[in-house]
Amino acid sequence: MAGHSKWANIQHRKGRQDKLRAKLFSKMSKEITVAAKMGDPDPDKNPRLRLAVKEAKQSSVPKEVIERAINKAVGGDAESYDEIRYEGYGPNGVAIIVEAMTDNRNRTASNVRSTFTKNGGNLGETGSVGFMFDRKGQIVYPASVGDEDTVMMAAIEAGAEDVQSDGDNHVVYCAPTDLNEVSTALEEALGEAESTKLIWLPNMQTEMDLEGLTKLMKLVETLEDDDDVQNVTTNVEASDDVMAAYAAS
């Protein structure tokens, strides 16, 4: 999925990484606390917690922040969060999935709905766009880890479903229930990954021009700035020229 590196590069050039970093730690801490509260506080015995800790480490979340999030769950003083998925349409009919963790459903629903409305979107019912995505495990390695054949063989042996390679990355996909097992096997074969997480992978995409992409990114960025929102996924497709024009704008 070449879009992985394209979007990463666009966000970096637009200065989003620094802005998001402040919120990243708190969002990952929330995921770690919820995972630890729902299962065993030992990452080795709790696949969801293990993946949450791994992703946090890959994003340079300090060890003490991770430990504090786990201890919060163990101590019983962690807030109770509901996991909610919102689905809707953005400008030009692009499909959007918003994943949130909240201690106040009414507040989050109101904020998400308002953000969609103010930015040319429309919040739909659950399932309204979900059919346009498949739930997958995604493991990303830099191109420098090995050539395409080497990574493909390692991925097949680990039980992965597919590998998409380009000049920047090798992106490995697997069934969501296999992510813990596949990522562990790949780590032994290829070393530490850049990213390991569950994603919504579009199975159909919506083409956008520069004007549409600009409006969409404003909506996505506003959603990402909400403290209750964990992830935002779209099915947008844009040409290299449109991507480049947006990044330069």
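Which residue forms a salt bridge with arginine 85?

## The pair of arginine 85

The model is predicted. In this model, the partner of arginine 85 is glutamate 87, and their closest N and O atoms lie 3.1 Å apart.

The two partners are set in contrasting surroundings. Glutamate 87 has a relative accessibility of 1% and is therefore buried, since buried means under 20%. Arginine 85, at 33% relative accessibility, counts as partly exposed.

## A bridge between helices H2 and H3

Glutamate 31 forms a salt bridge with arginine 48, with 2.9 Å between the closest N and O atoms. This pair connects distant parts of the chain: glutamate 31 belongs to helix H2 (residues 16-38) and arginine 48 to helix H3 (residues 47-58), 17 residues apart.

Arginine 48 has a relative accessible area of 28%, so the residue is partly exposed. Through salt bridges that share partners, Glu31, Arg48 and Glu83 are joined into one network.

## A bridge between strand E1 and helix H5

Aspartate 82 and arginine 105 also form a salt bridge, their closest N and O atoms being 3.1 Å apart. Here too the pair links distant parts of the chain, with aspartate 82 in strand E1 (residues 82-89) and arginine 105 in helix H5 (residues 105-118), 23 residues apart.

Both partners count as partly exposed: aspartate 82 has a relative accessibility of 33%, and arginine 105 has one of 45%.

## Overall count

The count for the structure comes to 11 salt bridges. Among them are the pairs of arginine 85 with glutamate 87, glutamate 31 with arginine 48, and aspartate 82 with arginine 105.

Definitions and conventions
Residues are numbered from 1 along each chain as its sequence is written. This is a predicted model: local features need pLDDT of at least 70, side-chain atom pairs count only at pLDDT 80 or more; totals for chains, interfaces and linings use all residues. Side-chain values use heavy atoms; hydrogens and water are left out. A salt bridge is a side-chain nitrogen of Lys or Arg within 4 Å of a carboxyl oxygen of Asp or Glu. Helices (H or I, at least four residues) and strands (E, at least two) are DSSP runs, numbered from the N terminus. Buried means under 20% relative accessible area, exposed over 50%, partly exposed in between (1.4 Å probe, protein chains only).
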